[in-house]
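Here are my notes for you on this one. Keep the picture open while you read, and find each part as it comes up.

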Amino acid sequence: MAYFVRKATLEDVAEMIRLERQCPTTAHWTEQQYANLFAASAESPVRLALVGEEEGGSVLAGFLVARYLPAEWELENIVVAPAVRRMGIGRQLIDSLLVQARQTNSTAVFLEVRESNSAARRLYEYVGFMETGRRKAYYSHPSEDAVLYSKTLV
Ligand SMILES: CC(C)(COP(=O)(O)OP(=O)(O)OC[C@H]1O[C@@H](n2cnc3c(N)ncnc32)[C@H](O)[C@@H]1OP(=O)(O)O)[C@@H](O)C(=O)NCCC(=O)NCCS
């Protein structure tokens, strides 16, 4: 099966939430927070929301949300549907973020992840992120360290 990446729209929000709710390891946002991605105002941060979709299909395979903090991007959330993992969709989503980051002349993309989230950590390392540090007991329920990763673009 072939998958492609496109920019998310407001119409994708319900499906993004459905996907996110299936994934206990990912960041959980309210419906309003997702809707705000598409209601940019002068005060709101610039965000990029991408979805992965099957060619010719209509069901979302995954999504990514990132925030622009000139001159860097923060990868805030990435989710791929359990049934289609290990098919390269996560990599495709991050590759598209890296293209966007380069287009904005950014110097790096950074993120943080639970120490125990080995699938996500392997993905980040696979696409070239380097571990840069840790935040002790950063997460709660359960308490866990955050591992910080960064990919330099220059
Ligand atoms: C992390 C996640 C997005 C990966 O998405 P994915 O589409 O399955 O990843 P890809 O198929 O693009 O993987 C690319 C490479 O990353 C590595 N990788 C990804 N998942 C892995 C896993 N479970 N175990 C080991 N390596 C893995 C592999 O090197 C893989 O290449 P390969 O399949 O050829 O060996 C997915 O597991 C997910 O949605 N997890 C739940 C949500 C989550 O925790 N998000 C992160 C929040 S910080």
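**Notes, starting with helix H3**

1. Helix H3 has 15 residues and spans 21 Å from its first C-alpha to its last, close to the 21 Å expected at 1.5 Å a residue. The expected span is 1.5 Å times one less than the number of residues. Helices (H or I, at least four residues) and strands (E, at least two) are DSSP runs, numbered from the N terminus.

2. Bear in mind that this is a predicted model: local features need pLDDT of at least 70, side-chain atom pairs count only at pLDDT 80 or more, and totals for chains, interfaces and linings use all residues. Residues are numbered from 1 along each chain as its sequence is written.

3. Which residues of H3 are buried? They are Ile89, Gly90, Leu93, Ile94, Leu97 and Ala101. Buried means 20 or more other C-beta atoms within 10 Å of a residue's own, exposed means 12 or fewer, and partly exposed is in between, with C-beta atoms placed from the backbone.

4. Seen down the axis of H3, the buried residues fall within an arc of 135°, so they line one face of the helix. The arc is that of the directions from the helix axis to the C-beta atoms. On the other side of H3, Val99, Arg102 and Gln103 are exposed.

5. Just after H3, look for Asn105, which takes a positive phi of about 55°.

6. Now the strands: S5 (residues 108–114) and S7 (residues 144–152) run antiparallel, joined by seven bridges. Strands pair if DSSP finds at least two bridges between them. Phe110 stands opposite Ser150 in S7.
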